[in-house]
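Subject: Structure for your review

Dear colleague,

Please find below the structure that I am handing over to you. My findings follow it.

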Amino acid sequence: MSNGNMNLTLKVWRQKNAQTAGKFVSYKAENISPDMSFLEMLDVVNESLTHKGDEPINFDHDCREGICGMCSLYINGHPHGPKRGITTCQLHMRTFHDGETITIEPWRAEAFPIVKDLAVDRSAFDRIQQAGGYVSVNTGGVPDGNAIPIPKVIADEAFNSATCIGCGACVAACKNASAMLFVSAKITQLGLLPQGQPERYRRVQSMVAQMDEEGFGSCTNTGACEAECPKEIKLTNIARMNNDYFSAKLFREEEVHEQNH
Amino acid sequence: MTLDAKIPQGPLAEKWSKHKFDLKLVNPANKRKYDIIIVGTGLAGASAAATLAELGYNVKAFCFQDSPRRAHSIAAQGGINAAKNYQNDGDSVFRLFYDTIKGGDYRAREANVHRLAEVSVNIIDQCVAQGVPFAREYGGLLDNRSFGGSQVSRTFYARGQTGQQLLLGAYSALNRQIHAGKVKVYTRHEMLDVVTIDGHAKGIVTRNMLTGAIDTHAGHAVLLCTGGYSNVFYLSTNAIGSNVTAAWRAHKRGAFFGNPCYTQIHPTCIPVSGDHQSKLTLMSESLRNDGRVWAPKTVEIAEQLRKGTLKADQVKEDDRDYFLERKYPAFGNLVPRDVASRNAKEMVEEGRGVGGSGFAVFLDFADAIKRLGEETVKAKYGNLFDMYIQITDENPYKQPMRIYPAVHYTMGGLWVDYNLSTTIPGLYALGECNFSDHGANRLGASALMQGLSDGYFVIPYTLGDYLAKTGPKKVDTSHPAFEQTKQDVIAHVNKLLALKGTKTVNEYHRDLGHIMWEYCGMARTDEGLRKAKGLIQALKADFWKNAIVTGENEEVNASLERAGRVADFIELGELMIDDALMRKESCGGHFRVESQTPDGEALRDDENFAFVAAWEFKGENQPEELHKEQLTFEAVHLSQRNYA
């Protein structure tokens, strides 16, 4: 238990929508408990703004358990704040000190237009998944789960890639706004598993094509994405994706250009 | 109106097979003539949307999140049950059925639960085929663990993120159908009403949360897959956005609400640390496979622990009371959730609670770490431990975790028949949104099972029967019922926007939560519930006078969204109180203080209460009418639950 004993200054990006120019506005955050999460601190600020009849600060959030991938926020120059391996909802105020000024911005990337204030539109990520991030299997009539044995190390490795929450921190961290860590995580997960083999090379071509279409930049191996990923997805995923992509282009007969059918 | 659960005739184990054969089919070439509306894209909604689109129907799916992948199913941690008997430990469809009926304290519908157990086997296969990376043994086969309320290992899992992996599986199946043009998804859209024509559901009214546009959508059927309503308690383990609005508005249009007071309290949550808290975080039940629950034997030791003059690891073995192992030796720490929760509460009431607030008991891994080594424990539960460290700033590898029960899941929901149809023909409720399969208490690892069962394997059959009978005649939003319902929605939105009082919506929500937890939480009394009813009515009146809603409709407006949801929660809260007041028995996590055994266990009253309470809305501020669906048990013998 601790008391609300921190007082902070927030510099928050306010922007009505994608068509309007935005600007930083300063707010006081008073009587903040170190046990609050960062989002709970914003809740407190929003409550006081509402009492004054002002518009609360808009930000995306939902599960507040670090798994839904909805929360974002660029805090003091880092996606999800200064600590490694966590989302904004898991960031607690004890990470900051009394009297500090905290700068809060939205994800900045051309492919992620501003929705309002600190929330952005990440639907580009969905469209990339729709381009091929799946195994084409209908419901019903599938083999018994144990009929597809998968070595534990492979299953674990696929799982590590599958933990991506699609928050977009990799894009926000990247100087090129590249989405390659996100895309490669799904390609790696399905590429490692036997179920993913039949469409392995089609998948990588369609997903990469869609990624380019959405306006994400290229990877220049800086590694900021890996450093800032709240789920610690590894750069080796990108290596696997590149490998599959080149294999597809060099050795496969079937080249996939399609966007929509 | 009489309730007809439409349970098929014949022996229990053959009901579903026979029913599937009896259901009418829609010719594959005709399926494209039907439009289906699905609200919610969690396990139930995404699996239903994908499956129905695969069959050939045109699907429109709606969610309030920015992507279907954010649905709250993603947060489920522990696992999903299936009667595979891969462990050769005596599991079977009948045993899963039996455990679920008993775990639900004999307040679930036998036929539904048996179907769930049958279908559970197919769910695992389906998810594996989609590439869901379940945990595996070194030999490459699927691994299992056990969960509360069962003595076999039937829970399949993907580390502590099973819900995430299952949802991403369903999301990928959905994506495939979006790409194929068979599903159109509307994200950041909230359903605000259901449109009925001649008593049948024919569409919905939505608000676009980006622009404020209020739109109507028509379809041959509407499926609500909108999850549970635990956030009526303000503090719960649910995502902040989880709400009851879609289901509640459907209720007000004629869908009966089943067993609203059935709330599951989960025993292993991180305790509340202060008033600022916006939600509670669950520690998966799977932790109880290796963690041992204890409280200090005496009030004196507890006091030292609360003050911090004594640390948990300094408490001698003899001074610890492993109360679950002591009282329930056969199940030990893996007793069902209601039993574990009630016992923790008892410890606190005896003054033996720990932590700064005294509202906690310990979940200790010291023995497991000694036995298995820290690395093994980390591999099994690492992400959960990390989460605990983030929130509490304490290291559970060195000190036991502090845990306390919290509201987690709602077993109540829209009443549905065996076909998952609500009392409005054409309106279906799937997953946590319906009341049907869990009885008065949900066993661990069965929520994911029900969501996917309904979406992948039940609704594709039962919906076809309705569609085949009603025919493909085009429904159109030009029908006056659409305009009328839309105007009702606009009027409601404007009424909320006109609220320019002095108290924030969040403050009302917190007040509601206090009332619900205090009087309709883990223990309930006649007197308390009567008091709560008055408090809620006063809160409701005050809300419509003094709440503050900022901004306007034609923009992103979280204040407005929240206000609509809290207004609905307040109304639902009143119905929950009525339901709890009527049910003068204890069952599952619903503990009526007046009804207990001499040992303090929940005491059911089968003679008078072996029924589903289905409430009918009778108009604003009118008492709801109670309908009863009598539960009959053919395959199991009703007995006092005993986990000793």
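In what order do the five strands of the open sheet in chain B run? The order is β11-β15-β14-β12-β13, with antiparallel pairing; strands are DSSP runs of E of at least two residues and helices are runs of H or I of at least four, numbered from the N terminus, and two strands pair if DSSP finds at least two bridges between them. The edge strands, each pairing on one side only, are β11 (263–269) and β13 (320–321) of chain B. Within this sheet, β12 (residues 292–296) and β14 (residues 361–364) of chain B pair in the antiparallel sense over three bridges, and Trp294(B) stands opposite Phe362(B) in β14(B).

Please note that this is a predicted model, in which local features need pLDDT of at least 70 and side-chain atom pairs count only at pLDDT 80 or more, while totals for chains, interfaces and linings use all residues. Residues are numbered from 1 along each chain as its sequence is written, chains are lettered from A and ligands numbered from 1 in the order in which they are written, and side-chain values use heavy atoms, with hydrogens and water left out.

The interface between chain A and chain B

Chain A gives 75 residues to the contact and chain B gives 77 residues, where contact means heavy atoms within 4.5 Å. Between them the two chains bury about 6,400 Å², 50% of it on carbon and sulfur atoms; buried area is the accessible area (1.4 Å probe) that two parts lose on being put together, summed over both. Of the area that chain A buries against chain B, 11% is supplied by Glu65(A), Thr139(A) and Phe159(A), more than any other three residues.

The rule finds seven salt bridges across this interface, a salt bridge being a side-chain nitrogen of Lys or Arg within 4 Å of a carboxyl oxygen of Asp or Glu. Arg188(B) forms a salt bridge with Asp60(A), with the closest N and O atoms 2.9 Å apart.

The elements of chain A that give two or more residues to the side touching chain B are α1 (38–51), β6 (114–116), α2 (123–130), α3 (152–162) and α5 (180–192). The largest share, seven residues, comes from α3(A).

Among the residues of helix α4 (residues 93–103) of chain B that are buried are Leu96(B), Phe97(B) and Ile101(B); buried means under 20% relative accessible area, exposed over 50%, and partly exposed in between (1.4 Å probe, protein chains only). Their cover includes β3 (80–81), α5 (110–130) and α13 (447–470) of chain B.

Just after α4(B), Asp105(B) takes a positive phi of about 55 degrees. Most residues other than glycine have a negative phi. Asp105(B) lies in the loop between α4 and α5 of chain B and is buried, with a relative accessible area of 2%. Its side chain is joined to that of Arg604(B) by a polar contact of 2.7 Å.

Two further residues have a positive phi. Leu73(A), with phi near 75 degrees, is in the loop between α1 and β3 (74–75) of chain A and is buried, at a relative accessible area of 0%. Asp198(B), with phi near 50 degrees, is in the loop between β6 (189–197) and β7 (200–208) of chain B and is exposed, at 75%.

Salt bridges

Over all chains, the whole structure holds 61 salt bridges. Asp125(B) forms one with Lys84(B), the closest N and O atoms being 2.7 Å apart. This pair links distant parts of the chain, 41 residues apart: Asp125(B) is in helix α5 and Lys84(B) in the loop between β3 and α4 of chain B. Both Asp125(B) and Lys84(B) are buried. Salt bridges that share partners also join Asp105(B), Arg107(B), Arg583(B), Glu585(B), Arg604(B) and Asp606(B) into one network.

In chain A, Arg108(A) and Glu105(A) form a salt bridge with closest N and O atoms 3.2 Å apart. Arg108(A) is partly exposed at 43% relative accessibility, whereas Glu105(A) is buried at 15%.

Yours sincerely

Note on methods
A polar contact is a pair of N or O atoms within 3.5 Å; within protein, one must be able to donate a hydrogen and the other to accept it, and residues adjacent in sequence count only if both atoms are side-chain atoms.
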